[in-house]
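Here's a walk through a two-chain model, from the overall numbers down to single residues. Keep the viewer open as you read.

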Amino acid sequence: MKNSPISTDNNNNNSSTPPKWGERLLEWYCPQGAIEEVQGDLAELYKYWADNYGIREANSRYLYSVLRLMRPFNSGAKINSFLKASHIDMFKNFLTITLRNMVRQPLHALLNLFCLTIGIASTLLIVMYLDFELNYDRIHTKAERIYRIETVRVNLKQKVLDLDWHSTPNNFGAFVKQDYPQVENYVRIFKFFTNEQVQFEHDGKTIVEKEVYAADPSVFDVFSFDLLSGNVKQALHGPNKIVLSQSLASRLFGKANPIGKLITSKLAHNLPDMKENYSFMVTGVYRDLPNNTHLPLEAIISSATDVGQKDYYFGTYNTFTYLLLPAGINPETLAPKLTKIYDRYLDPSREPVMTNAIHELLPLTAIHVEETGGLTYIYIFAGIGTLLLLIATISYVNLVTAQASKRALEIGIRKVLGSRRRQLIMQFLSESIFFSLLALFLALLLVVAFLHPLNNLLDLHLWLAQLWHPGLLISMLLIIIAIGLLGGSYPAFFLSSFEPISVMKGKLAKGAPLRRVLVAMEFAVVIFVLTCTGMIYDQLSYMRKKDLGFDKEQVIKLSLEGENELQRWDALKERLLQSPHIVSAGTADFLPGADNIGEGPISADGTPDRTPQFARRGVVDYDFFPTLNIPILKGRNFSKDHPADLSKSVLVNEAFLKKFNLKGSVGERIRYGDKGNPSALEIIGIVSDFHQSTLHSPIEAQVFILKPSSLNLVVKASKDLDAALAHVEKSWQELIPERALEYTFLDEQVQSGYKADLIRGRLFLAFSLLTLLISFLGLFGLASYVAKGRIKEVSVRRVLGAEKANILLLLSKDFLLLVVLAALPAFALARYMIGKWLQNFAFRTDMNYPLFGSVLLFTLLLTFLTTGYHALQAMKHNPAQILKSE
Amino acid sequence: MKRVYLGEFEEVVLLTIAVLGEGAYGVSITQEIEKRTNRTVDFSSVHTALKRLEEKGFLTSLMGGATKERGGRRKRFVALTRQGYSALSDIQEVRSRLWALIPNAIKLQGI
């Protein structure tokens, strides 16, 4: 048919022929009855176009016409029936067979799909989680060039302190910019006030917000805040200006335009004797930051507002300093140079303790990962995701091979009718890919359905749009197809290798060591994950139950901010104690278990060289220790009978004595700062050690001085907590009516320090349940396959008089052995990994070996039940029925 | 007999076939329409229209003999059926009747 000479010459009458591919395309879908005339007409038109408009135009018109002729819905069934027999037919047949098999054995199909869907859905969620974690702070367009100055070592006059502070001295950034012109810009972000939460007031309405910081105007240059209103150039220039996040603005102003409005606030300055009442003008509103930022600013105060800046000097590490470097600058060469700034500008007479410090530059994009335990958790979750997919695939393979016996007849017939092996392989591969694509679809539905509850349960902030990312979508599709190929290839090659005659007789190939390896891998993963989960929960419950050294039950915590306010505690305390439901109440400027205790250098007269060392410094009142039931081991508590306690006495904890290596205890004298400090404090009592922070960190040396009132009021309630709370509320409303009462329970506060651990524990629990489910589904499939393969053997044994129990054991034995074999590496790995994880905790539970044993027993039991079920099924048949065909 | 609906483009195709008389086939129809109506016509639309018109019974078709042109492929020639002719004249009649009813004033102003 298409034998005319090919030529691109367009001045010759007879030689302009349409491109071959176009004709092929036409043949592919054009009804057979019409192909000739259409091809002919188009060839004629092509020549006409080529003669009049040139080859290129002709080609494009030709292609356009060919494509336009493709009208699948117009052509109707009439044309379809003329479709040339082709590969499409074959695949259509495969699909039909797949669907028929699904309908005929809905349970098996559901199990297959379930395995894959759950595996894919959880992997998707993990991918979303990783995407969330790894893309922290990417909202800022210059993120790649932003670095935070970290302080890794402070050299004191007599001592070196290794630490990991994220902050620098307040004045540091300006010196860096001045001395190193290659630094494009810097911004300071800091709190100049001690309020944990800031209360804003406008027009009688008050709101409370935690994420309030002061920042330089350059914050808008370094970071990419999306200013919805206000002027970037002026918003933070000059004192008493404030820029709000959109959500904060709407909380305070509703729908009204906040620009130019005044909001007032009381801020307790870091330094003593500073002004307390502030009035800010709103100069801008920015779009809310996404949840994955390490700096979730809700309100930014202009840095010029802080009038105490000039007094901070080098010793006050209260400021986060971010540098914007030009592309191509190596932060690692810049960071060591920063130490020179101290040598140039630090006046030793103004700074008594410190000589200089060593800094590092941490890329903005690495901050979150660094602060949440490094890449370890990222690797762990990526590993879990891969494992889950692997297990799902293995289970899928096992289920498909298990169903092979049902397909054997089909395969035999196909073979007899002349199917080539390649076609059979194609069949199973396409079936498998079809399944995995279907599973992907279902998995997406699952993710959509369960994202919200999962976010709530695990305290995550994943959103669906994360999946809407071309790279992610394509790689997902590729991975799914790869899974389809991988999962399908074993059954494909295995099933297609059957000998037609033996297959139709019902004989199946035996052995298959590969499958045993796969199952052993599954067992290993299950045992590993179960053991890890068990140990994590062990540690979590250890932390819950551990005696922290203070009473955390039935304790209500209130806080007040601002120096002037604190005097009102006395009245409130007095009022509270009138109720029989309140046992006692005391104040402190810190909260045990919350890790918010300041630290500073202290020297003890009793040590040989009187070198200052860092210790935590807390302020308490007379009743704080009794309220939290923290015993005084030696000496006495502060007492109103000794007026000197207010200025000359100090309590220390046991860790302090150990750290300073004090031989005596009560009666020793210590000084804040170095030995030059003229005002010595006398240790009047030793406080029993309590955990100042979470169990991640050790108990630190701490001193306590007396002040009648400070920030936090802790109230110990009697048994009837409700009545106590009601009384607290009533007293508060009477005495401090203009402020809303905010309270937390101390035990909740303490627990919140373990939020991240708790979430990881829950995640692990979820993963272990999933792996357990998926892998035992696979085992279920495999066991059924094995039992069917040995049904004749079972029948013979029964005829010969074997006990049921013996047969049960016989069929389960192999699998049980696999469990034991898999347990060894799994336990070794779990022990290693959990050992590493436990290093994060200063206080940790011991390796729980009975747990290892029970995990093994549990797995063995489940395996026995799964395989035993199929063994029993095999024994249900009448041996005579089974054996008569032989 | 049930009246079969005739689309505007189908009508043009049918008219063109009538104009061409003998020797109307896909390409000649396409080019004739382009020439007479000054509009670009897509071959595939013509092809589809021909198929539909034939299904509706307005056309008959006949495969011609093979020639050396077009790579030796035959043409499918089409011709109007009686039904096709009457469908066209029906439309014409309806239109003239409607034209006659338009008031003269409007006709003159051309709106």
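A residue counts as buried here when its relative accessible area is under 20%, exposed when over 50%, and partly exposed in between, using a 1.4 Å probe and protein chains only. This is a predicted model, where local features need pLDDT of at least 70, side-chain atom pairs count only at pLDDT 80 or more, and totals for chains, interfaces and linings use all residues. Residues are numbered from 1 along each chain as its sequence is written, chains are lettered from A and ligands numbered from 1 in the order in which they are written, and side-chain values use heavy atoms, with hydrogens and water left out.

**The two chains**

Helices (H or I, at least four residues) and strands (E, at least two) are DSSP runs, numbered from the N terminus. Contact means heavy atoms within 4.5 Å, and the accessible areas come from the Shrake-Rupley method with a 1.4 Å probe, where for residues only the protein chains shown count as cover. With that in hand, here are the chain totals.

| Chain | Residues | Buried residues | Accessible surface | Carbon and sulfur part of surface |
|---|---|---|---|---|
| Chain A | 886 residues | 51% | about 41500 Å² | 59% |
| Chain B | 111 residues | 36% | about 7000 Å² | 55% |

Chain A contains 31 helices and 24 strands. Chain B has five helices and three strands, laid out from the N terminus as α-β-α-α-β-β-α-α. If you look at contacts in chain A between residues at least 6 apart in sequence, 79% join residues at least 24 apart. For chain B, residues 24 or more positions apart account for 52% of the contacts with a separation of 6 or more.

**Cavities**

Rolling a probe the size of a water molecule over the atoms shows where empty space is left. On a 1 Å grid over the protein atoms alone, a cavity is a set of points where a 1.4 Å probe fits but cannot get out, and lining residues have an atom within 4 Å of a point. Grid points are joined across faces, edges and corners, and a volume is the space filled by probe spheres set on the points.

How many cavities of 30 Å³ or more does a search of the whole structure find? It turns up three. The largest cavity has a volume of about 220 Å³. It is lined by 19 residues, and the closest to its centre are A:Asn112, A:Gln403, A:Arg407, A:Glu431 and A:Phe435. Helices H5 (87-104), H6 (106-134), H14 (375-402), H16 (421-458) and H17 (470-496) of chain A each supply at least two residues of that lining. For the classes, Ala, Val, Leu, Ile, Met, Phe, Trp, Tyr, Cys and Pro count as nonpolar, Asp, Glu, Lys and Arg as charged, and the others, Gly among them, as polar. On that basis the lining of the largest cavity has eight nonpolar, nine polar and two charged residues.

A:Asn112 is worth a click. This residue is found in helix H6 of chain A, and it counts as buried because its relative accessibility is 3%. Leaving aside neighbours within four places in sequence, A:Asn112 is in contact with A:Tyr396, A:Leu399, A:Val400, A:Gln403 and A:Phe435.

The second largest cavity has a volume of about 60 Å³. Of the 10 residues that line it, A:Glu133, A:Thr372, A:Tyr377, A:Ile378 and A:Arg760 are the closest to its centre. The largest share of this lining, three residues, comes from H14(A).

**A covered strand in chain A**

Strand E23 (residues 712-717) of chain A is mostly covered, with six of its six residues buried. A:Asn712, A:Val714 and A:Lys716 point one way and A:Leu713, A:Val715 and A:Ala717 the other. Two strands pair if DSSP finds at least two bridges between them. Strand E14 (residues 555-559) of chain A is joined to E23(A) by five bridges, antiparallel, and A:Val555 stands opposite A:Lys716. Strand E15 (residues 582-588) of chain A also runs antiparallel to E23(A), with six bridges; here A:Gly586 has A:Val714 as its bridge partner.

**The sheet in chain B**

Three strands of chain B form an open, antiparallel sheet in the order E1-E3-E2. Its edge strands, E1 (24-25) and E2 (59-63), each pair on one side only. Five bridges join E2(B) to strand E3 (residues 76-80), and B:Leu62 has B:Phe77 as its bridge partner.

B:Lys75 lies in the loop between E2 and E3 of chain B. Not counting residues up to four places away in sequence, B:Lys75 touches A:Glu44, B:Tyr25, B:Leu62, B:Met63, B:Gly64 and B:Arg70.

Technical notes. On a 1 Å grid over the protein atoms alone, a cavity is a set of points where a 1.4 Å probe fits but cannot get out, and a pocket is an open set with protein on both sides within 12 Å along at least five of seven lines; lining residues have an atom within 4 Å of a point.
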